[in-house]
Amino acid sequence: MPQVSITELVAGVRAGCVVSFPTDTVPALAALPERAELIFATKQRSQDKPLILMGAKAEDVWDYVVGTEADWQVWQQVAARYWAGALTLVLPASDRVPKAMNPTDPTTIGVRVPQSAIAREILAQTGPLATTSANLSGQPPLETMTEIAAQFPDVLSLQISDVSGIGVPSTVAKWMGSGWVILRQGAVVLEI
């Protein structure tokens, strides 16, 4: 597929296509949450590696998680400190999360708000999207939209010259009910 404008990319997402756009970390592959299986197929990704739900702002992802009042206070404090940014929070999933987002453990969902203005502009128009890094599973993340278009000819990629992510994936922290466990150390050091 050709590289497209933001308007065409948003229309592609709404039509059920897999798309790619830059984020603050590495470029993303993205689709509507209910079409998450398309990302697994495109990436040749194992079903036991869940996708991340990315939103334009914290309020966009909170409906996808459930917790106690005490949990919410902790989550919102962490989000206020680190979002928008390169931190993914793995939290208990609400019934709004399609099973296809995390096929082997649908009880949790990773949520993130990127610092990238372009990513947030797209997400503000599409709503939260199922996302992952743009690469074949097990290979390093691709760094340019040209590389992504070459590797994934069926994916709509944003026409942009400067991807400008930091090239390091987000830190992934899982809430364990009484504290955080770091599942992947990335760009952000979570002070826990």
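Q: In this predicted model, which residues does Ala134 contact, leaving aside its neighbours within four places in sequence?
A: Ala134 is in contact with Ser20, Pro27, Ala28, Leu29, Pro141, Leu142, Ile148 and Phe152, once neighbours within four places in sequence are left aside. Each of these counts as a contact because heavy atoms lie within 4.5 Å. Ala134 itself lies in the loop between E7 and H6.

Q: Why is Ala134 called buried?
A: The relative accessible area of Ala134 is 0%. Buried means under 20%, so Ala134 is buried.

Q: How far apart are Ala134 and Ala28 in sequence and in space?
A: Their separation in sequence is 106 residues, and their C-alpha atoms are 4.9 Å apart in space. Ala28 is also among the contacts of Ala134.

Q: Why is Phe152 called buried?
A: Phe152 has a relative accessible area of 4%. The cut-off for buried is under 20%, and therefore Phe152 is buried. Its place is in the loop between helix H6 (145–151) and strand E8 (156–158).

Q: What is in contact with Phe152, leaving aside its neighbours within four places in sequence?
A: The contacts of Phe152, with those neighbours left aside, are Leu29, Thr42, Ala134, Asn135, Leu136 and Leu142. For Thr42, the separation from Phe152 is 110 residues in sequence and 7.7 Å in space, C-alpha to C-alpha.

Q: Is Gln44 buried or exposed, and what makes it so?
A: Gln44 has a relative accessibility of 60%. Exposed means over 50%, so Gln44 counts as exposed. Gln44 is placed in the loop between helix H2 (37–43) and E4. Its phi is near 55°, which is positive in a residue other than glycine.

Q: Why does Leu89 count as buried?
A: The relative accessibility of Leu89 is 0%. Buried means under 20%, so Leu89 counts as buried. Leu89 lies in strand E5. Residues up to four places away in sequence not counted, Leu89 touches Trp75, Val78, Trp83, Ile109, Gly110, Val111, Ala173 and Trp180. Lys99 is 10 residues from Leu89 in sequence and 18 Å from it in space, C-alpha to C-alpha.

Q: What makes Val97, a loop residue, buried?
A: Val97 sits in the loop between E5 and E6. Its relative accessible area is 12%. The limit for buried is under 20%, so Val97 is buried. Leaving aside neighbours within four places in sequence, Val97 is in contact with Tyr64 and Ile109. Between Val97 and Ala84 there are 13 residues of sequence separation and 21 Å in space, C-alpha to C-alpha.

Q: What makes the peptide bond from Trp83 to Ala84 cis?
A: The omega of this bond is near 0°, and the bond is cis. Ala84 is found in the loop between helix H4 (69–82) and E5.

Q: Which residues touch the most other members of the largest nonpolar core?
A: They are Phe21, Trp83, Leu87, Leu91, Val111 and Trp180, in a core of 59 residues. Leu91 is in contact with Trp62, Val65, Trp75, Thr107, Thr108, Ile109, Val111, Trp175 and Trp180, neighbours within four places in sequence being left aside.

Q: How do you know where empty space is left?
A: A probe the size of a water molecule, rolled over the atoms, shows where empty space is left. The largest pocket has a volume of about 720 Å³. Its lining has 36 residues, and those closest to its centre are Arg45, Pro50, Ile52, Val172 and Arg184. Strands E4 (52–54), E5 (87–92), E6 (108–112), E7 (129–133), E9 (171–175) and E10 (180–184) each give two or more residues to this lining. The largest share, four residues, comes from E6. By kind, the lining residues are 13 nonpolar, 15 polar and eight charged.

Q: Why is the chain called as compact as a globular protein of its length?
A: The chain has six helices and 10 strands. Its radius of gyration is 15 Å, close to the 16 Å that the globule rule gives for 192 residues, so the chain is as compact as a globular protein of that length. Along the principal axes, the C-alpha atoms fill a box of roughly 45 × 30 × 30 Å. Of the 192 residues, 52% are buried. Among contacts between residues at least 6 apart in sequence, 66% join residues at least 24 apart.

Terms used
Residues numbered from 1 in each chain as written. Predicted model: local features only at pLDDT ≥ 70, side-chain atom pairs only at ≥ 80, totals over all residues. Heavy atoms only, no water. 1 Å grid on protein atoms, 1.4 Å probe; cavity = no way out; pocket = protein on both sides within 12 Å on 5 of 7 lines; lining within 4 Å. Points joined across faces, edges and corners; volume = space filled by probe spheres on them. Nonpolar A, V, L, I, M, F, W, Y, C, P; charged D, E, K, R; others polar. Core = buried A, V, L, I, M, F, W, Y, C linked by side-chain atoms within 4.5 Å. Buried < 20%, exposed > 50% of the residue type's maximum accessible area, 1.4 Å probe, protein only. Rg over C-alpha atoms; globule rule 2.2 N^0.38 Å.
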